[in-house]
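Have the sequence and the 3D view ready.

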Amino acid sequence: MWKNRLAFALLYAALLALLTAGQLGLHMTSGSRAITRRAVAWCLGISAVLCACAVGLSGTEMPSVDRLRQSQKLIFKLIFLWRIDAALGWETSATDKALADTLPSVKPGEYERVNGLLEKTIYGGIALEPFEERALDLFVQRLWGRNVKKSWKMRLKLRYACLLAAK
């Protein structure tokens, strides 16, 4: 569903370009060779309406399940960047201890809680409550390692982790 909305936003952008070019072309081929103020205002009006539609469609939220899967990918990609082996439901206590030792912002037991929430939704099919979604978001923020001294290579990896998680 979310991909369809993105396709609609791209379609609106393409229509915007076609309509603007078409209207300008009509006025250029008419009796007068100059573009009138009225034609420019008309094209800008159409452009504004189409841009508003594209922005309105692109600003819609992802469905909860898709958002959770993206969060899961990002969490495990960030953990991997910190050189910690992790998988959903696999050696959670060892991973939790390693994360707490590596990142001071991650509290002991927090990874086990987040892992339980991910398992609850992915394997159990149970939707998360808003406070549980906030817990996931907070954990992702802590995995960025804001207060940890990092090399320039690690800063670059963390900066572009969202692109890596999209694969």
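Which residues of the largest nonpolar core touch the most other members? They are I75, L78, I79, L99, L118, F139 and L143, in a core of 28 residues. Such a core is a set of buried Ala, Val, Leu, Ile, Met, Phe, Trp, Tyr and Cys residues joined through side-chain atoms within 4.5 Å; buried means under 20% relative accessible area, exposed over 50%, and partly exposed in between, with a 1.4 Å probe and protein chains only. At least two core residues come from each of helix 3 (64–81), helix 5 (110–122), helix 6 (130–143) and helix 7 (152–159). Helix 3 gives the most, with seven residues. Helices here are DSSP runs (H or I, at least four residues), numbered from the N terminus.

Before going on, please note that this is a predicted model: local features need pLDDT of at least 70, side-chain atom pairs count only at pLDDT 80 or more, and totals for chains, interfaces and linings use all residues. Residues are numbered from 1 along each chain as its sequence is written, and side-chain values use heavy atoms, leaving out hydrogens and water.

Now pick out I79. Setting aside neighbours within four places in sequence, I79 is in contact (heavy atoms within 4.5 Å) with I84, A86, L99, Y111 and L143.

Next, turn to W152, which sits in helix 7. W152 counts as exposed because its relative accessible area is 56%.

Finally, find G109 in the loop between helix 4 (92–102) and helix 5. G109 is partly exposed, at 31% relative accessibility. Between G109 and T95 there are 9.8 Å in space, C-alpha to C-alpha, and the two are 14 residues apart in sequence.
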